[in-house]
Amino acid sequence: MNASVRLRAVGMALLAPLIAVVVAVLATTLVIAAAGSSPGDFWTAMFSNPLPRIRVNIVNQTAMIYIAAVSAAIGFRMGLFNIGVEGQYTIASFAAASFAGAAYLGGFLNVVVALVVAVVVGAAWAGIAGILKTTRGVSEVISTIMLNAIAVTLVGYLLNRYGVHGGNTVRTKKIPDSSRLDGYTPYLPRDGQVWMLVILAVLLGVGFWVLLTKTRFGFDLRASGQSETAAVASGIDPKRMIVIAMLLSGGTAGLIWMPALFGGAGSYGTSFQVGLGFTGLGVALLGRNQPLGMLFGAVLFAFLTAQSNTLTFSTDISPSIVQITQGVAVLAVVVAYEVVRRWRSRLEQRVVASELEPAGAGA
Amino acid sequence: MTTLVQTTARKASQHWFLLVLAVIAIVSLVRIVSGTDDISSAGTIRAAIIATCPILMAGLGGLWAERAGVVNIGLEGQMILGTWGAAFFTYHGGPWVGVFGAMLFGLIGGLLHAVATVTFGVDHIVSGVAINLIGAGAATFLAEAVFPDLQGGGPRQLVGLESPSKITVPGVSDVSLDIAQKGWFFVSDVAAFIGALTTSLSTLSIVVFALVGLSAWILWRTSFGLRLRSCGENPQAAETLGVNVYFYKYVAVLVSGGLAGIGGGFLALVASSGFNTGQTGGRGFIGLAAMIFGNWSPGGLIAGALTFGYTDSLRLRNADAVHALLLLLGIALLAYAALRIVRALRAGRETQGSWRSGLGIGVVGALLLVWYLSTETVPRDFTSMTPYITTLLVLALGAQRLRMPAADGLPYRRGSAG
């Protein structure tokens, strides 16, 4: 009896992402049909074998999305909504690109210090929200939304003022050639490189898992996230945890765009990829803040985004359709998790009730 | 000015008239001292009204939802849906059908949020984030799919749309604009205000302000509104009194989405001459900020939206005026800080927190004055940060004076009253 219940529970846990994917597929199909295009063409194009160039792109995108998801998940695990990942990585990317571009140092040392700059700036920006929350009781949701907007405007101003202007574009100074990191070229050189700093995603993923499951701090973090009163009772200072969690989350956010900076872009400008922060939030939700779950989500989102570029060649559907797919998937998955949770608790209640009944009553 | 305005919200019933007079006097004084006429010209005020309306609609949407206990940070996404709906329906049926279309599309966003948060009890922030993703994606996709085939359209825009009609009151308009030109203390500023209201004022602007008044009346003067607000304060208690909490939450969130949609429609039809991808530029979030700034009340919301709209329009019209704004803000903050400190001293020891935050506000005001005196211009970008920084300051310095609905953002399930 108990084993079958547990089996059913596991099945239900996997059920939620499945439902979400099905709903997202249905919604996408409906929208395409409503817009007068052929859903069949769309799915054929999306599930065609990716070109080598796109495969490389998927790996690179997965890495950046995954870092963003880890950043969001650190906050979520603590019960904090760090909506500010977007602003934190924007301002951190700008700072790191400026520092690396100024070439105070050469070669690999320049990269390392620039990464430190990114982490520190991202953490500091998130820290503002953490300190406002602990000292003034300001909701981190609101303060990080505000800080996002401030970061974008501030970076725009600084870039305009101190950046290198060329034509209609403006960017920071190019990083010196000695600091450009050579990646791995799996196919022909024209198909692009898997950036070297993609390794950051792997390290952060493993680090996140170790931190959560193997350390005292991870335990404190999860405890505070699940029940603040219980955490206080076991001697955890919740305010300190909030600030540290925000700093960690922001520091991780600072690294999001670093693979692209040192692998391909070389400067902060039009090449900067916006929106990764919000994508990361979505992926963290999709993956239930679990290291492996988020990996699945990051691959899915990167695959959708990268493959959608082929749509322009083979169909009349615009690639932005995958944004709908992604958004619906996120909404559907959180709804599905909630539904499954309710089923599960009802199931558990029934089991407990039947076990409490006297043996002779016929259970 | 900002924090003064917040006090307006607080004591709206008694002192608002005096305060408006004081604000006009200060603005007028700053205009004359700094020599920037644009700070209160009819043109600036007209632009400010146009910039205010979308923020006001988003904020009002937020107010409806949060008063019923549902946090709606999906306002931005609902607004984006509204811009598309407005453009599409205006193209096919004229501006008022367009406004209806904007509302309809916002409503769809609201419905998604309501289903997720009310029926399924999903976390409100999570659902809002997802709705922002969906709204932005849907508007981009639909624009690329539909608009290139239409006249004046492209994959990212649809221009040349008809606007709702504009009203000019003959006579009053000319006279007041004339007086506004004279540059007299106080009188010209009032005249500029009247001039702006009587010269080519969009009918949709009137509708927007009427909707705020109507919402205030419904929420605070009808039994329907009382029940709706009770769902935001204590849904369990409301349930025991026989209030159908789910119903009221649904209505509130649907209205919320619809209003945000209208705000998006305003952007597409009045604030500019058509749809553009990414047109909202975070105004849904500014609306949310205006609502918090206004302490979850309609009067405060108007004050917040006007403040943010005004600074926004000033930035676009005249960069020098932004510099004068520093002086204005500095004086206003110092005055407000003095008021608070005096009040705290009179009240005695138990208001030490109020005393300290008064001091904090005073320091900020003094710094602004120093900034004004030591510089010649302010970068435009800094003005666009104003709403966000103001909100952070208000939250940080006045958090103990803000009071959101008690059960705002908390999950509720039918039958949980036991």
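Biologist: Is A:Asp177 buried or exposed?

Modeller: In this predicted model, A:Asp177 is exposed, with a relative accessible area of 65%.

Biologist: Which side chain does A:Asp177 meet in a salt bridge?

Modeller: The partner is A:Arg180, with an N to O distance of 3.9 Å. A:Arg180 is partly exposed, at a relative accessible area of 30%.

Biologist: What does A:Glu338 pair with?

Modeller: A:Glu338 forms a salt bridge with A:Arg341, where the closest N and O atoms are 2.9 Å apart. A:Glu338 also forms a salt bridge with A:Arg342, at 3.6 Å between the closest N and O atoms. Through shared partners, A:Glu338, A:Arg341 and A:Arg342 are joined into one network.

Biologist: Where do A:Glu338 and A:Arg341 lie?

Modeller: Both are in helix H15 (residues 321-356) of chain A, three residues apart, which is about one turn of the helix. A:Arg342 is in helix H15 of chain A as well, four residues from A:Glu338.

Biologist: And which of these residues are buried, and which partly exposed?

Modeller: A:Glu338 is buried, with a relative accessible area of 14%, and A:Arg342 is buried at 12%. A:Arg341 is partly exposed, at 45%.

Biologist: Changing topic, where is A:Asn82 placed?

Modeller: A:Asn82 is in the loop between helix H3 (52-77) and helix H4 (85-102) of chain A. A:Asn82 is buried, since its relative accessible area is 1% and the cut-off for buried is under 20%.

Biologist: What polar partners does the side chain of A:Asn82 have?

Modeller: The side chains of A:Asn82 and A:Ser249 are joined by a polar contact of 2.7 Å. A polar atom of the A:Asn82 side chain also lies 3.0 Å from the backbone nitrogen of A:Gly84. Beyond four places in sequence, the residues in contact with A:Asn82 include A:Gln88, A:Thr144, A:Met246 and A:Leu281.

Biologist: Now the interface: how much area do chain B and chain A bury between them?

Modeller: They bury about 3500 Å², and 81% of it is on carbon and sulfur atoms. Six residue pairs are in polar contact across this interface, both residues being at pLDDT 80 or more, while the count of salt bridges between chain B and chain A is zero.

Biologist: Which element of chain B gives the largest share of the side that touches chain A?

Modeller: H6(B) gives the largest share, with 14 residues. In total, the contact takes 41 residues from chain B and 38 residues from chain A.

Biologist: Lastly, which residues form the nonpolar patch on the surface?

Modeller: Among them are B:Ile167, B:Phe193 and B:Ile206, and the patch has about 530 Å² of accessible area together. Helix H8 (residues 187-198) of chain B gives the most to the patch, with three residues. B:Phe193 is found in helix H8 of chain B and is partly exposed, at a relative accessible area of 43%.

Methods: Residues numbered from 1 in each chain as written. Chains lettered and ligands numbered in written order. Predicted model: local features only at pLDDT ≥ 70, side-chain atom pairs only at ≥ 80, totals over all residues. Heavy atoms only, no water. Helix = DSSP H or I, 4+ residues; strand = E, 2+ residues; numbered from the N terminus. Buried < 20%, exposed > 50% of the residue type's maximum accessible area, 1.4 Å probe, protein only. Polar contact = N/O pair within 3.5 Å; in protein donor to acceptor, adjacent residues only side chain to side chain. Contact = heavy atoms within 4.5 Å. Patch = residues over 30% accessible without salt bridge, like charges linked within 9 Å, V, L, I, M, F, W, Y side chains within 5 Å. Areas by Shrake-Rupley, 256 points an atom, 1.4 Å probe, with all protein chains shown as cover. Salt bridge = Lys/Arg side-chain N within 4 Å of Asp/Glu carboxyl O. Buried area = accessible area lost by both parts, 1.4 Å probe.
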